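This briefing goes through how the chains of one model meet. Keep the sequence and the 3D view open while reading.

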Protein chains: 4
Amino acid sequence: MIRLECDYACGAHPAVLERLIATNGEHTPGYGMDEHCQNAARMLKDLCQRPDADVHFLVGGTQTNMTLITAALRPYQGVVSADSGHIATHETGAIEATGHKVLTIPSPDGKISAQQIDALCQAHLQDPTAEHTVQPGMVYISNPTELGTIYTLAELEAIRAVTAKYDLPLFLDGARLGCALAAEDNDVTLADLARLCDAFYVGGTKMGALFGEALVLTHPALKRDFRYLIKQRGGMLAKGRLLGVQFEALLENGLYFDIGRHSVGLAMQLKRAFAAKGYPTLVDSPTNQQFPIVPNALLERLAGVCTWSLQAKPDSEHTAIRFCTSWATTQAEIDQIIALL
Amino acid sequence: MIRLECDYACGAHPAVLERLIATNGEHTPGYGMDEHCQNAARMLKDLCQRPDADVHFLVGGTQTNMTLITAALRPYQGVVSADSGHIATHETGAIEATGHKVLTIPSPDGKISAQQIDALCQAHLQDPTAEHTVQPGMVYISNPTELGTIYTLAELEAIRAVTAKYDLPLFLDGARLGCALAAEDNDVTLADLARLCDAFYVGGTKMGALFGEALVLTHPALKRDFRYLIKQRGGMLAKGRLLGVQFEALLENGLYFDIGRHSVGLAMQLKRAFAAKGYPTLVDSPTNQQFPIVPNALLERLAGVCTWSLQAKPDSEHTAIRFCTSWATTQAEIDQIIALL
Amino acid sequence: MIRLECDYACGAHPAVLERLIATNGEHTPGYGMDEHCQNAARMLKDLCQRPDADVHFLVGGTQTNMTLITAALRPYQGVVSADSGHIATHETGAIEATGHKVLTIPSPDGKISAQQIDALCQAHLQDPTAEHTVQPGMVYISNPTELGTIYTLAELEAIRAVTAKYDLPLFLDGARLGCALAAEDNDVTLADLARLCDAFYVGGTKMGALFGEALVLTHPALKRDFRYLIKQRGGMLAKGRLLGVQFEALLENGLYFDIGRHSVGLAMQLKRAFAAKGYPTLVDSPTNQQFPIVPNALLERLAGVCTWSLQAKPDSEHTAIRFCTSWATTQAEIDQIIALL
Amino acid sequence: MIRLECDYACGAHPAVLERLIATNGEHTPGYGMDEHCQNAARMLKDLCQRPDADVHFLVGGTQTNMTLITAALRPYQGVVSADSGHIATHETGAIEATGHKVLTIPSPDGKISAQQIDALCQAHLQDPTAEHTVQPGMVYISNPTELGTIYTLAELEAIRAVTAKYDLPLFLDGARLGCALAAEDNDVTLADLARLCDAFYVGGTKMGALFGEALVLTHPALKRDFRYLIKQRGGMLAKGRLLGVQFEALLENGLYFDIGRHSVGLAMQLKRAFAAKGYPTLVDSPTNQQFPIVPNALLERLAGVCTWSLQAKPDSEHTAIRFCTSWATTQAEIDQIIALL
């Protein structure tokens, strides 16, 4: 069975696993105060061209999102997000559990625009009863989005301009960042993100690690006492070096970017094959998540061959499904699915 | 350098690591819905003789404590704990961050008694302004405690009787539970814990795993929708099978208990050696944490040989230190320290 | 100037004020444990035909909403509300500040239907990733709504049936309840509300009191330890009898209902006058809030005579405004506005 | 029956009530945006010699404490308080419900010293695991304390120096501030408080108002968006002018200070009478709360004459009780009690 229902069904990329094995016998200080974490942080700061950044390694995405958002907001502020944003939909109210409202903006493709953010802020400022409503306090975007789409550099710069105008920290969720960076039309680099965002994370869990997200903080106010917050929110791993070791493996020799290219390359083959057959797509994604809308009959044929996740039911005869490729997907597997089409 | 400053400085026990390597290529459902987690849970329920229990695997201790305590309390209730309890001292206010006060009981050795809990509850019930104060809503104990001491079966049964009297869930933090079970005078079994506690966890991080705690829920009210809470509090690991795989390795063939015996056995050698030299101990611990009070001059000699953590400064000439043994400590290392004494 | 911008611009109804004056010299126990509160609670329970209900008096609406909602939800649950619900829009995120998401349902007229609630609950139950999303935990409605509309008995009974089906507490915000009860087509009584709702409040602040809301709890689980929550959330008035005294005055001789009839009667005159002139209305409200859409030129003529609040700007030539009548509005004032039309 | 069990059993001082009656017919903007609030704020800023201060009026003390503390702390910080502080003992965990730990300092008389605060901060700074513990984030004191004692100017200046040293906001709870200012040996003025504290409140509820506390903010960071927080925490009174009107009455012609002198003067008569009879006192209070330790037999004689509250049971033969005088206590009442002694 070819597993394409998500990109976290497998273990670690072999190179990551090897590094964990090689370092297993070491004794190091706990809680991320070890040399592997320091080394991985240094590598990431180099890639970001931000020696002044702080880098923290956390275990998972929800944890990273809620800890960063807690650090950025005052109690009466909310976080602006696309209505399809992960924090708005799939974190069981983790943000609300820290006391903050998610202020959603409608988005058919998972992206929000500088204009939408500006309009939301203007509406708040011009509301004579503003203090009876939640104040926009930061902006959350994901890249790629939950629907696989990516931001252009121009879009990010426009968003940055508007968040700067209203003094709102900009946070980018990069759970699958390697796939955004590997997309054909991508014109954004890690250094761009580090220049434009006040915080963002380089996701490991969905990019070849067993687990782990590398959070990059560039805004001084967000850096302050951040380890207190990680500990308080349950995100401080005792054997913290496990995170550093994995990111060392991912960042050396460009493995992280290779994994992105591998995943996206196979996904593009799937995309073209479905398009060639005339199947429409729910959203035009240039990354490792693909959303073809297929006749139910086709699903029956696929059922014995591969897995997918259900995305939507546009009508009773058709289904929008999601395929996710990953480092563990092989060319042979994709060939087999395409042949079946 | 012999590393004894904590029991989470090393990687995984080789048998745990091997299992992670062996299963790395598998594709499984995410979020702990896989067969490894189910299998490990079944093994633990067998050991506990509680087929009706629910078992959840979480990454770390603070996360486990705060998630369980959140599940157990209504908003105006607090959790009763020794003043040295981990939740009261070393979790950066994680419990308060979920809205609850920690109601502390003085304890020189880390343990609290049924009588102390009873007195605290009685004082609340008899307070004419009780509703202006935090209501005791559950009891938290750790075994071994943060000072290495352990509860006897009689003590646990007395605590159970008093928590039942006041209808308070009883939760036991077993971060180093294997060491309690391996202590010479221990008369408590996993089945006893599962019979007497409404929830407890079997710690993995400090007992040979890379990370992971196995939370056993026996009280029906605590089981309800518990996975929602794990997800909300950031504790749901995407590649959740990593937890199941590690506990499979730990629970098969009694490895978990062997690790406890190994760690405690070496610690007892240290204890006797320090006692033989006439050094007093801060607390009489039968487990893998030892707290000798030594002249500062001795510390200078130890400094090049082994590490420890600072526990207290009883006077300007002496220091109370903590040694922690673990699965990774060797007989040769302990021999070397004893020889130095 | 005729003040119609809100219904809390004036002081207390004279009968309420007189009672406060008459009782000012008394010495009574604090925190609502006095005979006035007991007496007012008894009167309300009689009107509700629910001798088993608990009645608590709180100072304001946001406080009442957040305290009750905190009592009703487990941490991972949210409260279902119209998207125009007061808790969703005008309480500065008070609900989120207690850790809970507001799950909104689109509503052009401020009401939600049993079908909408059912659909939302079904969608949650059928979501294979439900535990990654916020669980609907209760339903909040307001009557009259924020747009002045009211629920029929049949609508409330349908909502009750669906909330019972999913075991969700039903909470009704009655900030202006007296106006709903006084509406021409209203077929709902206090006894109906007490039979159909698990909790609801009879608003005083907007119905002739200086301040105060009377919260009626009929569900046993909500009654438990409720005073602890009132105290914790800052809602326990030291001189609590002030609330009881005011509700005694409002509930004796039907003053509360008279105030409703007075306010609604004058509002209906306004409504008919605007309709007679051909002005459309933003929403067809049968209560004391009226929302005519008027040419901007008319607003200029009204500006020297009366006040209103801005509701919406349908186009550049027209404005939707809100008029609020209250116990303090007089027939002469309404006549003057109508004459001006 | 002479009521001395608390200082909030009666209604408003006649001058306050008269002002409420006189202004009842006015129509004013809601939520504290009226001229009465502005006028009372101006009067208070004049008394404080701080034209730059912000003044907010809230209904009660718990609400004021939790709102201010929420404004001052980051999520991982706690508030330092005497272990007898109101926030630590009698607010049902309101501070913890906003996510923050109360860091208590032992205090037999309700006061804490600059040295104690300094020691607590030093211990945190020197703790190598500081980030695993709650960071001291502000200091809370009450004046008079919950035990009636007061701070000298020198003590406050020393506390200010230490809070400045660690950059901790200093907040003073003045629920009974008028009684502190009226104490015989008091050397502190409102201007001193406004100079030394970052925030403090002038209590009305226990000083002649129906309800109401005037919160003075001098630190710019605390002023920011404070009304959002008041609204979110349920503390924004719809008919907000009621607070302004009452403080106008209290601050004009020095009524607030007269009430303090009246209450304290009568309390001093009680104090001397009990001392003259040889009864010890639990704490030497110079304000309106007195804590004589009396034989149980005396309590039986007092029982038909006056009320008190129970403070402690030093032994089976004696009881420590609390008498509270207020604006409503009369010379004749005190004479009657003294005669009985």
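**Chain contacts in a predicted model**

The interface of chain A and chain B holds 26 residue pairs in polar contact, counting pairs with both residues at pLDDT 80 or more. The structure is a predicted model, with scores of ipTM 0.97 and pTM 0.97. In chain A the average pLDDT is 97, and 100% of the residues score at least 70.

**Chain A with chain B**

- On the side of chain A that touches chain B, at least two residues each come from helix H1 (14–23), helix H3 (61–72), H5, helix H11 (226–232) and helix H12 (241–251) of chain A.
- Sorted by class, that side of chain A has 20 nonpolar, 14 polar and seven charged residues.
- From chain A 41 residues take part in the contact, and from chain B 41 residues.
- Together chain A and chain B bury about 3800 Å², and carbon and sulfur atoms give 58% of this area.
- How many salt bridges are counted between chain A and chain B? The count is zero.

**How the two copies are related**

**Chain C with chain D**

- Here 41 residues of chain C are in contact with 41 residues of chain D.
- The area buried between chain C and chain D is about 3800 Å², with 58% of it on carbon and sulfur atoms.
- Between chain C and chain D there are 26 residue pairs in polar contact, again with both residues at pLDDT 80 or more.
- Helices of chain C that each supply at least two residues of the side touching chain D include helix H1 (14–23), helix H3 (61–72) and helix H12 (241–251).
- The side of chain C that touches chain D consists of 20 nonpolar, 14 polar and seven charged residues.

**Salt bridges**

- Side chains of opposite charge can pair when their charged atoms come close.
- Over all chains, the whole structure has 56 salt bridges.
- One salt bridge joins C:Lys101 and A:Glu96, whose closest N and O atoms are 2.8 Å apart.
- This pair crosses between chains: C:Lys101 lies in the loop between H5 and strand E3 (102–105) of chain C, and A:Glu96 lies in helix H5 (residues 94–97) of chain A.

Key:
Residues are numbered from 1 along each chain as its sequence is written. Chains are lettered from A and ligands numbered from 1 in the order in which they are written. Side-chain values use heavy atoms; hydrogens and water are left out. Contact means heavy atoms within 4.5 Å. Buried area is the accessible area (1.4 Å probe) that two parts lose on being put together, summed over both. A polar contact is a pair of N or O atoms within 3.5 Å; within protein, one must be able to donate a hydrogen and the other to accept it, and residues adjacent in sequence count only if both atoms are side-chain atoms. Helices (H or I, at least four residues) and strands (E, at least two) are DSSP runs, numbered from the N terminus. Ala, Val, Leu, Ile, Met, Phe, Trp, Tyr, Cys and Pro count as nonpolar, Asp, Glu, Lys and Arg as charged, and the others, Gly among them, as polar. pLDDT is the predictor's confidence in each residue, from 0 to 100. A salt bridge is a side-chain nitrogen of Lys or Arg within 4 Å of a carboxyl oxygen of Asp or Glu.
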